[in-house]
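Student: I would like to learn how to read helices, strands, disulfides and contacts in a model. Can you take me through one?

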Amino acid sequence: MRRPALLLALALAAGCSDAPVDTTAGTTAASTGATDEPATTGDDGTSDASTTGDATTVDPTDTTDAETTDGPGCQGPPPPCTNPVCEDSSWRCPCALAPEAGFAELEPIDFVLGEGDEATALRSSPARLFYSFHPASDDPCGKPLILLFNGGPGIGSELLLTSGTTATLLAESGALVENPSPWTALGNLLFVDARVAGLSYSLMDDPSDSAARAAEFSLANFNVYLDAADFARALLRFLADHEPLTRNQVMIVGESYGGTRATLLLHLLLFHAQYRDGARRYQDPALVDEIEAHLAGVFREEDTFPPDRVAAQFSHAALIQPLVAGEPQLLQSGVLLEADGSPIWALAAEVGETFVPCSELGPNCSPYLNVLGFVEQDAGRSRYDLDAPATWLSSYLNRTRVAFADHAALGALLGVPPESVALLAADARAQAYRLSGQFLYPKDDEPGDLPIYLGALADGWDRYVVPFCREANLVFDSFEARALDVEFDDPHVGALFLENLVHVETLITAATRDVAIYSPAIPTALATHDQLVTDVVVDPDAPAVERPGQFEVIYVDAPLAGVDHPPPRVVRFPTYEGAGHAVTLDASAELLHDVEAWLGPPVGL
């Protein structure tokens, strides 16, 4: 009985193509800094204008005005950047950071997926991952870089970007309003979209070939490990291209399936050597080389980079309603939600419907699927927010699609004019594809006006904005993925999470209105990994703060090579009463306060 996770993924498809479109999102209360006139674009898709309105596109590596100071007290070689400055006995790269957006270009990757006789050699297609960068509101060069993404799999990161993390908030009405508690108070925000999701797109020789296009939606391009490796490459290349941040502390923020991606991403970084020689279910020597080259530049006087040293930079993971323990987490969710006193019984009483647990329905009943079916079909509520209608997620995705398809709104949300984003416009996308069939997703001109400014795209296979790509989602849970034990809910992800936790400080939210990701099931599911842990103890009253909550993971002796007796590790586990899946939206100020207190001051390397 291994199918409760499938519905979790497939349900995301409900509102991506069939939901009604509100075309009023172009009205915004925020200054867009974008012109009302289309800009002309060059052959590479870049705009011929570097400024539009009040917004200016700034090259963060342009340090021509910085002074090089050989001040007293600076020991050792200066950092590898243009015009390094000696300040207070420390070398620093000059700070020139401004909002920007662009694409991380990924070359084809040769990798091996699976283990033993099942190991399969694959080669990915080239892709362009869209990113949006929002510098910290104060001292950006001294603040951490915070990488944020949603999940799905196959969902772009626009949900987090618009829901209370940046300076501009997308209201339920579709209007853009000022966010009183942006995460730019914590650090520099970097949002990245997965392949073919959000504003990202992939490339192929002839996208007009429908059969070849359909073949692109395979494990070669869509699996949990390549997905995490894509984000690792995008992150490392962004750090390399932004010298003032190259050696800064990094925090990973993943929501929903983003918790699985964050787990795999951190494991690739911390235990990178294991992904070169076949010790794990993924082999990617080129990525290992790139990780080690980055670490050599960060820790310039060191020759080896064990996990605890890597964690000096990649130090924190803040996971919002995450899937981190695979299928066991979903199975435990069903058991706990069917138990007396769970939110399901309260919901049944509220709506006047009878909930029948699996104990009365027979041995073939899946508690998790049974609960979700009652919530959405009988009670008419959303699995992601018990106070919201069943269409909550589809409406949420549709709002972001409408906003990102509107030229003025997109400029406000990104902080730069859309026409200034290289490789976004139509004339840079001759080889681009987002989907296999022309009827799978609405055309760009239906919700907004981007084609007027950026050019019309091929209706059959390309779109500017795809908040959720159902075709990609299906591959992550395909028969081929299950055969290799790399489906998106595979239980081994929980073990990787526990291995990371030995080195990485971790916070997990517990929202009371979310049953798709039912947070109380996470500690219970992690405790099933008895090869790594002896117990997982939840303490809802510790620490003594406004929103307490934590659980302690107690490890067996020698759970990892080189780690004989790890001390118990504490996961911050605050409860957000009245919040659903989107905690950044429902409890924005509270979550920001908790993350700030948990993260602490920036750490120098």
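Tutor: We go feature by feature, with the general idea before the case.

Student: What should I know before reading any values?

Tutor: This is a predicted model: local features need pLDDT of at least 70, side-chain atom pairs count only at pLDDT 80 or more, and totals for chains, interfaces and linings use all residues. Residues are numbered from 1 along each chain as its sequence is written, and side-chain values use heavy atoms, with hydrogens and water left out.

Student: Is H4 largely enclosed or open, and what caps its N-terminal end?

Tutor: Burial goes by relative accessible area: buried is under 20%, exposed is over 50%, and partly exposed is in between (1.4 Å probe, protein chains only). In H4, 15 of the 18 residues are buried, so the rest of the structure largely encloses the helix. Asn223 is the N-terminal cap. One of its side-chain oxygens lies 3.0 Å from the backbone nitrogen of Tyr225.

Student: Now strands. Which residues of E8 are buried on each side?

Tutor: Strand E8 runs over residues 127–134, and eight of its eight residues are buried. One side carries Ala127, Leu129, Tyr131 and Phe133. The other carries Arg128, Phe130, Ser132 and His134. Both faces are covered.

Student: Which strands does E8 pair with?

Tutor: Two strands pair if DSSP finds at least two bridges between them. Strand E5 (residues 100–106) joins E8 through seven bridges, and the two run antiparallel. There, Glu100 has Phe133 as its bridge partner. Strand E12 (residues 188–192) is antiparallel to E8 over four bridges, with Val192 opposite Tyr131. Strand E13 (residues 201–203) is joined to E8 by two bridges, again antiparallel. In that pairing, Ser202 stands opposite Ala127.

Student: How is an open sheet read?

Tutor: Follow the strand order. Here three strands form an open sheet in the order E7-E6-E15, with antiparallel pairing. Strand E7 (120–123) and strand E15 (282–283) are at the edges, each with a single partner strand, so one side of each has no neighbour in the sheet. Strand E6 (residues 110–113) and E7 share four bridges. Asp110 is opposite Arg123 in E7.

Student: How many disulfides does the structure hold?

Tutor: A disulfide is a pair of cysteine sulfur atoms within 2.5 Å. The structure holds three. In the pair of Cys74 and Cys86, the sulfur atoms are 1.8 Å apart. The angle about the S-S bond is 100°, and the link is right-handed. Cys74 lies in the loop between strand E2 (55–56) and strand E3 (85–87), and Cys86 in strand E3, so the pair ties together parts that are 12 residues apart in sequence. Both cysteines are buried.

Student: What about the pair of Cys95 and Cys141?

Tutor: Their sulfur atoms are 2.1 Å apart. This link is right-handed, with 95° about the S-S bond. Cys95 sits in the loop between strand E4 (90–92) and E5, and Cys141 in the loop between E8 and strand E9 (145–149), so parts 46 residues apart in sequence are tied together. Cys95 counts as partly exposed at 42% relative accessibility. Cys141 counts as buried at 4%.

Student: Is the link of Cys358 and Cys365 right-handed or left-handed?

Tutor: Left-handed, with -60° about the S-S bond. The sulfur atoms of Cys358 and Cys365 are 1.8 Å apart. Cys358 counts as buried at 9% relative accessibility, and Cys365 at 16%.

Student: Last, how do I read the surroundings of Gln249?

Tutor: Contact means heavy atoms within 4.5 Å. A polar contact is a pair of N or O atoms within 3.5 Å; within protein, one must be able to donate a hydrogen and the other to accept it, and residues adjacent in sequence count only if both atoms are side-chain atoms. Gln249 is in the loop between H4 and strand E14 (250–255). At 4% relative accessibility, Gln249 counts as buried. Its side chain makes a polar contact with the side chain of Ser315 at 2.9 Å. A polar atom of the Gln249 side chain also lies 3.2 Å from the backbone nitrogen of Val603. Not counting residues up to four places away in sequence, the residues that Gln249 touches include Pro144, Leu145, His316 and Leu599.
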